Amino acid sequence: MRRTVRTDEDDPAEENGSSGTQASNGENKPHIGSAYRTYTSRVVTLSLLIELLGFTVILPLLPSILEYYGRNDQNGAYGWLMSNINQFRDSIGGPQLDKFNTVLFGGLIGSLFSFLQFLSNPIIGALSDVYGRRPMMLLCMAGMVVSYAVWAFAYSFEVFLVARIIGGISHGNVSLSTAIVADVTPPKSKQRARGMAMIGVAFSVGFIVGPMIGAAFSIYGVSTLLSSQEYPFQLPALFAVFVATVDLLYLYSKFRETLPASNRAASLGSGLLDALHLINPVSLFSFSSALQGAPEKDRKAVRSLALSYFLYLLLFSGLEYSLTFLTHDKFQYSSMQQGRMFVFIGGIMACVQGGYLRRLPAGSERRTALTGMIVLIPGMFLVGLASSAFLLYCGLALYSFGAGTVVSCLTTMVSEFGSSSERGRVMGIFRSIGALSRAIGPALCCSIYWSAGPLVCYSIGGVLFIAPVLLLYRLK
């Protein structure tokens, strides 16, 4: 995402103590003083937290949702896909494990959602560089309202897929939130680190509370409100509509533009050209649209870092997405038990991000990321091998530590590359690599789960984590 970041020193209003200043072209620039920065960070963090409550409410419900369509949509798209999957399994001599079909479906849906984000987020970013952050934030949230509203009436699997497609295209507020924090904070500053950390805290809290709300709806919200046709997931969908609508109104009334007209891209064409680089895998991994004047040593380092990040997130996202299916199939966890599991994971992540990471000395990110990746290896083996809740939660504790450290540390490391005018593009490329890995990981890992079972899936995943560890270890 291409942007010009202004620091306190660039804004005369900071020195004069006024609430704004007049640019030479007559445009009003927002105040980038500490009060404005704090206000903007709080608005963005609260908005993201509100949205995540609706976004994560579906997580503990997904296995049950797919089982619902398996029972009630045999003559529709779900039944057609199931028939073709069974034929494919028979043709390759795969095991007769029909209960794993929902895992494969879940992985495909997760990959579809992330792939749509991979395609749409760079375009949303390019549009925000031209038209500003505020209109794109509002447009994305309006799209999420529509997505949840369609879900509320998803009596067939086809309609549910439409809802997920709309949501995947519209879910650009996370990327926009990081751009907004960068707009109002100087690079390599405590203010920016604090703003990004607050976004991480919003994620942790959202992934604690949202799944618990979804689990509660699975117990108490089993009737429909708007139709006589039974659809037991209508209430959580309507809750998501309500939360997204509240967030949309909150942004409309509280969020002020952070990218003034004087700092925006001159034309949409140049922004879309940058966006095309972000959806071309060859351009992504070569960083061809950034680091043009950087030393070759730096270019090699950032490419190695990006490849390590891609492999890590490819494995992690796939194993993460299959986790609810594993506990549903292996331990017969109810949605409420799934919700408690997410509280456990989110609580450890929040403690790690809010306590441990904040106290790390500068320059220790590589060592910490390596530690997080290495800890994940036995964690994955324990989850795959677990025959009791105690072993499962021991594995989840290691899993949560890795989840809370690796991405934050790798993001901090990559933010040090490039000049101030290139850093936005470097971070945009890095985020797109993450979206691409999340588009592949769930389908890949859930396919292994479907064909060979959870033990083989998690064991292979644990072994393959050695690859990103070695890449990051060799990075100097």
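Before you click on anything, one term: buried means under 20% relative accessible area, exposed means over 50%, and partly exposed is whatever falls in between, using a 1.4 Å probe on protein chains only. This is a predicted model, so local features need pLDDT of at least 70 and side-chain atom pairs count only at pLDDT 80 or more, while totals for chains, interfaces and linings use all residues. Residues are numbered from 1 along each chain as its sequence is written, and side-chain values use heavy atoms, with hydrogens and water left out.

**Stop 1: Arg133**

Select Arg133 to start. Is Arg133 buried or exposed? It is buried, with a relative accessible area of 0%. Now show the side chain of Asp129: Arg133 meets it in a salt bridge, 2.9 Å from N to O. (A salt bridge here is a side-chain nitrogen of Lys or Arg within 4 Å of a carboxyl oxygen of Asp or Glu.) Asp129 is buried too, like Arg133.

Helices are DSSP runs of H or I with at least four residues, strands are runs of E with at least two, and both are numbered from the N terminus. Asp183 counts as buried as well, at 3% relative accessibility.

**Stop 2: Arg438 and Glu320**

How many salt bridges does the structure hold? There are three. For another one, select Arg438 and Glu320, where the closest N and O atoms are 3.1 Å apart. Arg438 lies in helix H17 (residues 423-452) and Glu320 in helix H13 (residues 296-330), so this bridge ties together parts 118 residues apart in sequence. Both ends are partly exposed: Arg438 has a relative accessible area of 31%, and Glu320 comes in at 28%. Back at the first stop, shared partners join Asp129, Arg133 and Asp183 into one network.

**Stop 3: H15 against H16**

Colour helix H15 (residues 365-385) and helix H16 (residues 389-414). Their axes come within 7 Å and cross at roughly 155 degrees. Axes are lines fitted to C-alpha atoms, for helices over the stretch in contact, and angles run from 0 to 180 degrees between N-to-C directions. That angle makes H15 roughly antiparallel to H16; the label applies over 145 degrees, with under 35 roughly parallel, 65 to 115 roughly perpendicular and the rest oblique. Look at the residues in the contact and, by class, you'll find 19 nonpolar, eight polar and two charged.

Keep H16 on screen and bring back H13. The axes of H13 and H16 come within 11 Å and cross at roughly 150 degrees, which makes this pair roughly antiparallel.

**Stop 4: H14**

Select helix H14, residues 335-356. Its 22 residues reach 31 Å from the first C-alpha to the last, close to the 32 Å expected at 1.5 Å a residue. Among its buried residues are Met336, Met341, Phe342, Ile345, Met349 and Val352.

**Last stop: Leu238**

Finish with Leu238, in helix H10 (residues 234-254). Leu238 is partly exposed, at a relative accessible area of 24%.

Key: Ala, Val, Leu, Ile, Met, Phe, Trp, Tyr, Cys and Pro count as nonpolar, Asp, Glu, Lys and Arg as charged, and the others, Gly among them, as polar. The expected span of a helix is 1.5 Å times one less than its number of residues.
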